[in-house]
Amino acid sequence: MTSIVRLGAIKETARFQEHLRSLGVKIPCDSEILRGADSPLLNSKNVDEVTIGNRIAINPMEGWDGTLDGRPSEHTIRRWRRFGQSGAKLIWGGEAVAVNHEGRANPNQLVIGEHTREGLAQLRAALIEEHNHVAGSNTGLQIGLQLTHSGRYCRPNSHGKPEPRILYRHPILDRRLDLPADFPVLSDGEVRAIIADFHRAARIALELGFDFVDVKHCHGYLGHEFLSAHTREGNYGGSFENRTRFLREVVQGIRSFAPKLQIGVRLSAFDTIPFRPDPARSWPGKPGPGIPEAHEELLPYRWGFAVDANRPTQPDLTEAVKFLALLEQLQIHLVNITAGSPYYNPHVQRPALYPPSDGYLPPEDPLLGVARQMGATRELKQLFPNLLFVGTAYSYLQDFLPHVAQAAVRDGWADAVGLGRMTLAYPEILWDAANGRTVEHKRVCRTFSDCTTAPRNGLPSGCYPLDSYYKGSEMAVKLAAAKKK
Ligand SMILES: Cc1cc2nc3c(=O)[nH]c(=O)nc-3n(C[C@H](O)[C@H](O)[C@H](O)COP(=O)(O)O)c2cc1C
Ligand code: SF4
């Protein structure tokens, strides 16, 4: 592969557009940013008789910074304030909140329960207060809570101690977790207990005033693992109907006591086989470029969702389309499209120039990763015009994010542009651009991946290089030491 051009070095939009053409990637990009009433990003959108005040969305961004019993800390509250500061009218999920202790992805993940009500209410209130300050009012502001169970990636008690709860045996991921041959899969009874936890969680979210809940189906966590449970026996595996039973039972239960609570689904709409650093090009402490795990013996590949079974390095949207048809049938109109998993194919999930400590060098120009997620979202939006689509993976676009976001919304690639990492570095980038303010070059996320490397080393997530809150802090000192190891 030829060397990757650093986007930070490209100064003009015309040059960026030329760069996209030279790579042959399809990413729409406007030359001029429109302001105020002319900006497509500031148009409202109605869904299910609810108005979403603009097309800027904040994607869920967890901070690994809650208390050990699952309540927010001052860092969490500060992050939610910044979600409000973004001017976005759609707050998708805030961050992953576990429906029970065992289902936490780390010992500092938020939990939803009686003991955390007050803390979660405080997060919502801080966000609204900041939003009012920036946007003048909270008319059209919709705030959801992302409900999760981490399944295969549970680490509820210690960063160093995985406690996976798996739905089926996976030939590659089991090996990575060192699971013995007799490691148990969750029983159907245990699945039903988790479904009841989702119901209890949704009731609390409703009582706390959240506008919707996201029944998370992405990134390799439990909801997503159901979709690839082709080899599981019993009621929750095998056929498409069985693999989506979890979703249907969660939704039915919520509807029975909260018919008015909106439900959304964040979906990894496609995937690939897990990647790893190429051992032939890696050195101690310096992972090489990512390559797919060997899979010749595993064809047809039966351990993925929306993966081509015969060429599992490639997506296949057939089942994603079936899944969205099911959402429509269930009267779920809020959809957030993401892809893959940060654990086994981070270049697919969060395109970056610099890998996190447990990742690998990019196997492709990260713009291809952006284009892949944007293209899939567009294709699905065209098939399901009545669903509201939030698009993902825009942060790598850096200074050109506003130009691409504006074109994407205007041309129907997505209904709203979701910001992930950029939220940690520069939450109000789209709000600033659409309101005619100059984008601050030095605050733009450069995909250094410290916000992923920090939690991989047991530290809170945040934009260590660019956000003054972390600079010089004890957390930053610890991160620097961890990176030197
Ligand atoms: C530090 C960090 C925390 C994240 N937390 C969550 C989360 O709680 N739930 C979720 O669905 N996605 C989470 N994501 C994924 C992002 O929402 C988003 O999909 C990803 O970063 C790609 O979008 P971007 O290019 O705008 O960063 C997280 C990503 C990062 C880097
Ligand atoms: S640490 Fe900051 S610059 Fe690096 S990827 Fe995260 S948000 Fe972007």
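This is a predicted model: local features need pLDDT of at least 70, side-chain atom pairs count only at pLDDT 80 or more; totals for chains, interfaces and linings use all residues.
Trainee: Where do I start with ligand 1, and which residues are closest?

Mentor: Start with the shell, then look at single contacts. Here 24 residues surround ligand 1, and the closest are Gln-146, Arg-266, Ser-395, Gly-420 and Arg-421.

Trainee: What are the classes in that shell around ligand 1?

Mentor: Nine residues are nonpolar, nine polar and six charged.

Trainee: Which atom of Ser-395 lies 2.7 Å from an oxygen atom of ligand 1?

Mentor: A polar contact is a pair of N or O atoms within 3.5 Å. For Ser-395, a polar side-chain atom lies 2.7 Å from a ligand 1 oxygen. Arg-421 also places a polar side-chain atom 2.7 Å from an oxygen of ligand 1. Gly-420 uses a backbone N or O atom, at 2.8 Å from a ligand oxygen.

Trainee: How much of ligand 1 does the protein cover?

Mentor: Compare with the ligand on its own. Of its 610 Å² of accessible area, the protein covers 98%. The space that ligand 1 takes is the largest cavity.

Trainee: Which residues are around ligand 2?

Mentor: Among them are Arg-421, Cys-445, Cys-451 and Cys-463. The shell divides into six nonpolar, two polar and three charged residues.

Trainee: What about the largest pocket: what is its volume?

Mentor: Read volume first, then lining. The volume is about 610 Å³. The lining has 27 residues, with Tyr-153, Arg-155, Tyr-343, Asp-358 and Arg-456 nearest the centre. β10 gives the largest share, three residues.

Trainee: Which element gives the most to the lining of the second largest pocket?

Mentor: α16 does, with three residues. That second largest pocket has a volume of about 420 Å³.

Terms used:
Residues are numbered from 1 along each chain as its sequence is written. Chains are lettered from A and ligands numbered from 1 in the order in which they are written. Side-chain values use heavy atoms; hydrogens and water are left out. A residue is near a molecule or strand if one of its heavy atoms lies within 4 Å of it. A polar contact is a pair of N or O atoms within 3.5 Å; within protein, one must be able to donate a hydrogen and the other to accept it, and residues adjacent in sequence count only if both atoms are side-chain atoms. Accessible areas come from the Shrake-Rupley method with a 1.4 Å probe; for residues, only the protein chains shown count as cover. On a 1 Å grid over the protein atoms alone, a cavity is a set of points where a 1.4 Å probe fits but cannot get out, and a pocket is an open set with protein on both sides within 12 Å along at least five of seven lines; lining residues have an atom within 4 Å of a point. A molecule sits in a cavity or pocket if more than half of its atoms lie within 2 Å of its grid points. Ala, Val, Leu, Ile, Met, Phe, Trp, Tyr, Cys and Pro count as nonpolar, Asp, Glu, Lys and Arg as charged, and the others, Gly among them, as polar. Grid points are joined across faces, edges and corners, and a volume is the space filled by probe spheres set on the points. Helices (H or I, at least four residues) and strands (E, at least two) are DSSP runs, numbered from the N terminus.
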